[in-house]
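Student: Please take a close look at one part of this structure and tell me what can be said about it.

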Number of protein chains: 2
Amino acid sequence: MKNVFILCFLGIISFLVGCKTPDETSDSQVSILTKTNLETWNQGANKEAIEAFVQKTTDPNSPDFVPEKSRIAVFDNDGTLWAEQPFYFQLAYGIDYVKKEATNHPEWSKDPVLKAAIDGDLNGILAGGEKGLIELVMKSHSGMTEDEFTQNVASWLGSAKHPETGKPYQQMVYQPMLELLEFLRENGYKTFIVSGGGIDFLRVWAEEVYGIPPYQVVGSSIKSVYEEKDGKMVIVKTPELNFIDDKTGKPVGIHQHIGMKPIIAVGNSDGDFQMLEYTTGAEGPRLGILLHHTDAEREFAYDSLSHIGQLKRGLVEGPSRGWLIIDMAKDWSKIYPQ
Amino acid sequence: MKNVFILCFLGIISFLVGCKTPDETSDSQVSILTKTNLETWNQGANKEAIEAFVQKTTDPNSPDFVPEKSRIAVFDNDGTLWAEQPFYFQLAYGIDYVKKEATNHPEWSKDPVLKAAIDGDLNGILAGGEKGLIELVMKSHSGMTEDEFTQNVASWLGSAKHPETGKPYQQMVYQPMLELLEFLRENGYKTFIVSGGGIDFLRVWAEEVYGIPPYQVVGSSIKSVYEEKDGKMVIVKTPELNFIDDKTGKPVGIHQHIGMKPIIAVGNSDGDFQMLEYTTGAEGPRLGILLHHTDAEREFAYDSLSHIGQLKRGLVEGPSRGWLIIDMAKDWSKIYPQ
């Protein structure tokens with residue numbers, strides 16, 4: 001069920017001017033530390049450790065210098081770059097899609113899970129278990145062309161609001177992480193998303209919001225085929241799982257998609273454990289970072305007992321592995337851009 | 001069998017100083033045509049068409065201007081960026097690997113296909129049909145970690161020679177194509193390989209030879225898993241097919257890996273037909289290019305009747321689809337860099 005939740009996944013953000021980071025392609029010539037723009041990171045051991053790591057890996061005179069072509073940084077998305085509570089935002093997209101399309105599919109109301117989605121009844125959706133969630137994801141993510149899916153997600157992004165905060169999802173990205181992405185790129189790192197969420201869902205908005213182009217997004221996927229539709233050859237998304245990019249799937253996804261071992265890995269849950277383990281287990285300078293959600297006032301506080309973004313093993317083993325544990329309440333002066 | 005041949009695939013090149021192209025990350029800020037360095041392309045309609053296309057897509061005042069972030073160019077590899085006759089170079093790697101490892105696997109000599117490989121008997125290998133070729137590929141490409149595979153390929157690259165010309169494979173890349181890759185990058189295009197060959201095999205040398213980083217290589221693949229080996233968590237390549245990036249697989253591979261429709265697609269065989277169709281079928285300015293192997297003296301001459309790199313449908317339909325058909329004998333003043 002976790003896997004399905006992961007596939008059923010995040011939400012939106014979208015074309016947010018205030019969050020714009022420089023294009024991934026820019027500033028790639030920089031080879032030594034040029035700027036410390038981690039403005040909303042409070043001074044302390046974690047911020048210093050991040051700056052020191054970037055300094056030593058970009059200084060040609062350092063024994064830990066890393067050539068620019070090897071500077072790969074991977075970021076989880078849900079709970080790392082944006083919020084993930086009370087459930088992955090992509091699931092909200094799935095529910096809203098089924099609601100919106102219900103009138104074109106009267107047969108959906110006979111299915112208990114789809115009926116629950118149409119009624120906005122989250123408990124009813126969850127009552128269908130894994131099978132029901134798969135059905136919901138497939139109905140909302142397949143049976144359409146790549147262009148149609150992109151348009152559906154983009155359209156949803158324009159109007160959707162978070163169920164608890166009432167904010168547009170695009171206000172629920174983490175300002176300190178936007179700064180970290182930019183800081184790394186300014187120092188010659190290529191930034192990638194490696195998410196349990198859907199790769200095509202992310203690609204619709206990752207470039208506008210994070211400055212990460214579609215080909216630097218790794219995620220879970222369903223299979224697609226190239227076939228004729230309405231007289232035109234197109235990519236059609238099919239209701240069959242292709243790859244789950246979570247837990248041990250993350251190193252595999254990195255291997256398949258990036259083909260290089262990252263230098264820096266950033267996550268927030270035990271679903272990211274193997275990604276950090278794979279990254280920091282390689283030779284040479286490596287940095288693992290876990291975001292600990294400790295801020296019930298400004299965001300959400302959760303870790304080992306959460307059904308979403310559970311962080312248990314990482315908290316226990318992370319410090320002895322040299323990973324930084326970011327304390328959101330203490331380390332960040334600001335959470336969201338606005 | 002074609003699919004397996006494709007997987008069983010290309011060869012080498014390797015760390016060739018003379019062929020070095022600028023790092024993929026460089027010069028990405030350029031937004032108008034800055035340099036015409038297609039030196040070994042003879043003057044004529046094809047060269048002019050390529051230059052005009054790049055001109056109009058990079059000139060901000062042109063109605064066909066393409067923003068830099070959308071400038072994606074995809075290249076087939078075998079027969080497009082380097083030679084592919086008399087059989088895909090990657091198959092030579094597979095045969096040489098089996099020969100080299102045979103003493104560690106006495107059981108291989110009891111298998112007719114592996115025995116044929118050990119004896120360097122190509123006809124014996126082909127007599128095993130698709131099943132035999134799959135076995136040869138799996139034996140030479142799986143059951144090892146990603147690092148071990150990389151080392152095996154890199155080591156082979158250092159000594160292997162083409163069976164007919166006696167040249168190192170790295171002398172069998174096409175100088176005009178190296179110039180085209182560089183020309184496109186200098187004009188803000190991101191260059192990708194989209195090959196029927198093995199993605200991990202290509203990644204070992206594509207950056208050194210073509211200036212294309214591992215994460216911009218798309219190819220066929222076998223499955224991999226993340227598991228413990230000798231007390232360390234590593235990626236292990238398994239003997240199970242994951243994806244065949246050929247024919248209709250190429251648009252699917254582009255969708256999965258790049259997530260954007262290319263502006264330019266370059267190939268040489270009917271295995272590239274769908275990639276060019278997908279690319280040039282999209283809205284806006286698009287360019288399809290097919291390399292026709294017409295030069296028996298300097299390279300190889302083959303098209304519709306070849307068992308490798310067959311080009312039939314592309315020659316028939318390409319011109320009416322607006323694709324450029326490059327006549328190697330006529331359009332190129334030089335084939336190999338040396």
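Tutor: Take helix 12 of chain A, whose buried residues are A:F273, A:Q274, A:M275, A:L276, A:E277, A:Y278, A:T279 and A:T280. The model is a predicted one. The helix spans residues 273-280 and is mostly covered, with 8 of its 8 residues buried. A residue counts as buried here if 20 or more other C-beta atoms lie within 10 Å of its own.

Two packed helices are described by the angle between their axes and the distance between the axes. For helix 3 (residues 89-101) and helix 6 (residues 129-141) of chain B, the axes come within 9 Å and cross at roughly 70°. Angles of 65 to 115 degrees count as roughly perpendicular, and helix 3 and helix 6 of chain B are therefore roughly perpendicular to each other. Their crossing is left-handed. Helix 3 of chain B brings B:Y93, B:G94, B:Y97 and B:V98 to the contact, where they meet B:L136, B:V137, B:K139 and B:S140 of helix 6 of chain B. The residues of this helix contact divide into 5 nonpolar, 2 polar and 1 charged.

Technical notes: Residues numbered from 1 in each chain as written. Chains lettered and ligands numbered in written order. Predicted model: local features only at pLDDT ≥ 70, side-chain atom pairs only at ≥ 80, totals over all residues. Axes fitted to C-alpha atoms, helices over the stretch in contact; angles between N-to-C directions. Helix = DSSP H or I, 4+ residues; strand = E, 2+ residues; numbered from the N terminus. Parallel < 35°, antiparallel > 145°, perpendicular 65-115°, else oblique. Left-handed = near helix turned anticlockwise from the far one by under 90°. Contact = placed C-beta atoms within 7 Å. Nonpolar A, V, L, I, M, F, W, Y, C, P; charged D, E, K, R; others polar. Buried ≥ 20, exposed ≤ 12 C-beta atoms within 10 Å, placed from the backbone.
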